[in-house]
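Hi everyone, thanks for making time for this. Please have a look at the chain on the screen, and then I'll walk you through it.

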Amino acid sequence: MRNPLMVALRSEFSSRHEEAFGNSGGKGFYSSNDWRRLNYAAGLIPMGSSSILDVGVGSGAMLNFLTMCGDYKRVVGIEVVPENGTIG
C-alpha cells in the first residue's frame, strides 16, 4: 500500500484488534488482501467528489479512511446488517 493514510489506518486497526483479542500474527482485523481491496476501492472514487455514501460499512475501515483523508465535505455510512458492524 502506498497511501500513507491507509497504512496508518491499518496500523490503528491492527493495534486495536490486538489489544482486544491478543496477537493474531500481525494480520489484525483484516487480511492483507482486504487492505489491498480497500486501497483499490478508494482509488476508484472520482476526483472532485465532494460527498461519499458508504453502504455496508462493516467495521468502518473504508469510512474511517475517507473521513481521515479530508478530501470530502461529507462522508456518511450505513450498515444494512447491524451484526456486520460488530467485532467479536
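**A walk through the chain**

Let's start with Ala 8, which counts as partly exposed because its relative accessibility is 38%. On that scale, buried is under 20% relative accessible area, exposed is over 50%, and partly exposed is in between, using a 1.4 Å probe and protein chains only. Ala 8 sits in helix H1. Between Ala 8 and Phe 65 there are 57 residues in sequence, yet their C-alpha atoms are 9.2 Å apart in space.

A quick word on where this comes from: the model is predicted, so to speak of local features we need pLDDT of at least 70, side-chain atom pairs count only at pLDDT 80 or more, and totals for chains, interfaces and linings use all residues. Residues are numbered from 1 along each chain as its sequence is written, and side-chain values use heavy atoms, with hydrogens and water left out.

Now the overall layout. The chain has three helices and two strands, and from the N terminus the order is α-α-β-α-β. Helices here are DSSP runs of H or I with at least four residues, strands are runs of E with at least two, and both are numbered from the N terminus. Of the 88 residues, 26% count as buried.

How do the strands go together? S1, residues 51-55, runs parallel to S2, and five bridges join them. Two strands pair if DSSP finds at least two bridges between them. From S1 the chain crosses through helix H3, residues 61-69, to S2, and this β-α-β crossover is right-handed. Right-handed means that, with the strands pointing away from the viewer, the path from the first strand over the helix to the second runs clockwise. As for partners, Val 55 is bridged to Ile 78 in S2, and Asp 54 stands opposite Gly 77.

Which side chains of S1 are buried?

On to H3, where Ala 61, Met 62, Leu 63, Phe 65, Leu 66 and Cys 69 are buried. Their cover includes helix H1 (4-21), H2, S1 and S2. After H3 comes Gly 70, with a positive phi near 75 degrees.

Next, the surface. Leu 53, Val 55, Ile 78, Val 80 and Val 81 form a nonpolar patch with about 440 Å² of accessible area together. Such a patch takes residues with over 30% relative accessible area and no salt bridge, and joins nonpolar side chains (Val, Leu, Ile, Met, Phe, Trp, Tyr) within 5 Å, or like charges within 9 Å. The areas come from the Shrake-Rupley method with a 1.4 Å probe; for residues, only the protein chains shown count as cover. Val 81 lies in the segment after S2 (74-78), and it counts as partly exposed because its relative accessibility is 33%.

Last, the charges. The structure holds one salt bridge, meaning a side-chain nitrogen of Lys or Arg within 4 Å of a carboxyl oxygen of Asp or Glu. The side chains in it are those of Asp 34 and Arg 37, at 2.3 Å, N to O. Both lie in H2 (residues 32-43), three residues apart, about one turn of the helix.

Methods
Contact means heavy atoms within 4.5 Å.
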